[in-house]
Amino acid sequence: MSSQGVQLDIQDKYVVLDNGILQVTISNPDGIVTGIQYNGIDNLLAVENDEADRGYWDLVWNLSGSKGTKGKFDRIEATSFEVIVENEDHVELSFTRMWDSSLEGKVVPLNIDKRFVMLRNSSGFYTYAIYEHSKEWPAFNLDRFRVAFKLRKDKFHYMAMADNRRRYMPLPDDRLPYRSQTLAYPEAVLLVDPLEPEFRGEVDDKYQYSCENKDNRVHGWICTDPPVGFWQITPSDEFRSAGPLKQNLTSHVGPTTLAVMHSVHYSGEDLLLKFGTGEPWKKVFGPIFIYLNSLSNGGGDPLSLWEDAKEQMTIEVQCWPYNFPASEDFPLSDQRGNVSGRLLVKDRYVCDENIPANGAYVGLAPPGDVGSWQSEVKGYQFWTRTDEDGYFCINNIRTGDYNLYAWVPGFIGDYRYDVIITPNAGYDIYMGDLVYEPPRDGPTLWEIGIPDRTAAEFYVPDSNPKYNNNLYVNHPDRFRQYGLWERYAELYPDGDLVYTVGVSDYTKDWFFAQVTRKKDDNTYQGTTWQINFKLDCADESETYRLRLALATAHASELQVRANDPDAISLLFSSGQIGKDNTIARHGIHGLYRLYNVDIPGNLLLEGDNTIFLTQSKSTSPFQGIMYDYIRLEGPASSNENKVEFSFH
């Protein structure tokens, strides 16, 4: 490490930060990172790009009332520069763009303050931003905002985001029209004449590298000559929208690395930030850390830089909340509170005693309805997982009003503690024992799947070999392969899926997505799946209940019938639901939905019965549903033998 202090050089059009380890050049007053000098490389960023297209904060916005999720792209260029902190240990810079009425309709109505921080002996730099909307300003929508860094394509060829999701990547030139074939949408291309022959015949699509917030801590790129790593580390999820399961882009061919604070991917319009007139808002995003590493003396395996990056990520997480941000809008550790307690599950059809909620997700999010955390996009969220005895502790919570939310793997539904919780600086709130009673009206007659909010346990086929991404061949995440929606009709050419309770195996016989079927005339038709089951007796005077937990839906309608596939009167229709687009984007879940369907006993028969699940919408290959879990419950008065229970 260098013993040099942090030096600041303010020039006419640039500002340069230098701590003897790296040198960062930022445009003045725009606040765009134009250069990063490190380990003998004069600039790690894409020197062939325009200076404004290298390292930047950006957003997509639109006027209030606009339809859809498209909008105006804004690579946020500041208009004012200020030094906030300057000493040998710490320099913090501010690049601001202030809004006024003369900008109405032209610029998003936000005050934006972009901050950059460099510390002594730190092999990297930090960036964060403060967004503010005054109540007097116009209404508008925000689609996404993020930090993007575009690296040198002649240097960075190896990408890593998880131990089992890392590889040498194609070049951006391989995606050019004369070297690739565009597939069903522009992001997905088949590499037909790549510069490196090893990539020929592979599919490249940035959505194959999406990641849930809870797992999205570090990702980036490695240059092998000289050995250098460029890593984006996000030490906390508190400023990300929509909770721990929200999926966002990470790194992809470019080479590009992203820190996505908010997006509508895998959710659609439900996650648009919609601001009304008279609605004030202020939020701090970050800091994130851009970490650079290299091999000492240049020896060793360059790919080992990934191991070092993970170690640095752990250090950054342990240091959260950071003690150096100078903005008064970022509370330090002693200005935050803590909440702890224990979560138990009460399900008398499983156990006479309350069950410790092992591995449950417990979080604080702004007050809302049960389960609203997954579409909450304006405030802060703080999440943890319970231990095997159900105990939890959520630390370093910003002062504010929250509901406590939870969901428990192995059980359907969502928990909410109804009383508003207001953590105060320096105080610990102990909640005691909290008891979640998941939806349940009677004993389990049969079930399909595991209630874990994903379709990962169901049958995911191998991809068509013509459309492989070799990373995901024989990989647990095979659902990330391109074109799996086409495999359904290949596997079921003569009729739709039929599942027989007690005979079929959901890991082999339940296709992971109920998709449309492509016809010979290149149109599509909906599909109807059957669940066959036997009842020893059917009580005509009682009501049975079908629990349908969905992992995702896209432009779909789910219809339920019992024993008559042509019944005009439906037991249930969801109406059109979902804009998650999970099928096209190689996901295994989107937004969670739970439906409870009453089945009158007089519609069921002693002996053989069939539930028909129809997905009726059929204008696209990407319409469909992924189920999380399905359960049929008998009447409460029926045999109440407890079901076998295990945590998943």
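Analyst: The second largest cavity has a volume of about 50 Å³, where a cavity is a set of points on a 1 Å grid over the protein atoms alone at which a 1.4 Å probe fits but cannot get out, and the volume is the space filled by probe spheres set on points joined across faces, edges and corners. The model is a predicted one, in which local features need pLDDT of at least 70 and side-chain atom pairs pLDDT 80 or more, while totals for chains, interfaces and linings use all residues. Residues are numbered from 1 along each chain as its sequence is written, and side-chain values use heavy atoms, with hydrogens and water left out.

The lining of this second cavity (residues with an atom within 4 Å of a point) consists of F479, Q481, L484, W485, F512, T582, I583, H586, G587 and M626. Six of these residues are nonpolar and four polar, with no charged residue; Gly counts as polar, and Asp, Glu, Lys and Arg as charged.

The packed interior can be described through its nonpolar cores, sets of buried Ala, Val, Leu, Ile, Met, Phe, Trp, Tyr and Cys residues joined through side-chain atoms within 4.5 Å; buried means under 20% relative accessible area with a 1.4 Å probe, protein chains only. The largest core has 117 residues, and I36, Y131, L142, F149, F230, L343 and L404 touch the most other members. Strand β24 (residues 281–294) supplies the largest share of this core, eight residues. A second, separate core of 53 residues includes L550, A553, I599 and L632.

Strand β9 (residues 111–119) is largely enclosed by the rest of the structure, because nine of its nine residues are buried; strands are DSSP E runs of at least two residues, numbered from the N terminus. N111, D113, R115, V117 and L119 point one way from β9, whereas I112, K114, F116 and M118 point the other way. Strand β8 (residues 90–97) pairs with β9 in the antiparallel sense over eight bridges, pairing requiring at least two DSSP bridges. Within β9, V117 is the bridge partner of E92. Strand β10 (residues 124–133) also pairs with β9 in the antiparallel sense, over seven bridges, and its residue E132 stands opposite N111. Four residues lie between the strands in the hairpin of β9 and β10, where N121 takes a positive phi near 60°.

Key: On a 1 Å grid over the protein atoms alone, a cavity is a set of points where a 1.4 Å probe fits but cannot get out, and a pocket is an open set with protein on both sides within 12 Å along at least five of seven lines; lining residues have an atom within 4 Å of a point. Buried means under 20% relative accessible area, exposed over 50%, partly exposed in between (1.4 Å probe, protein chains only).
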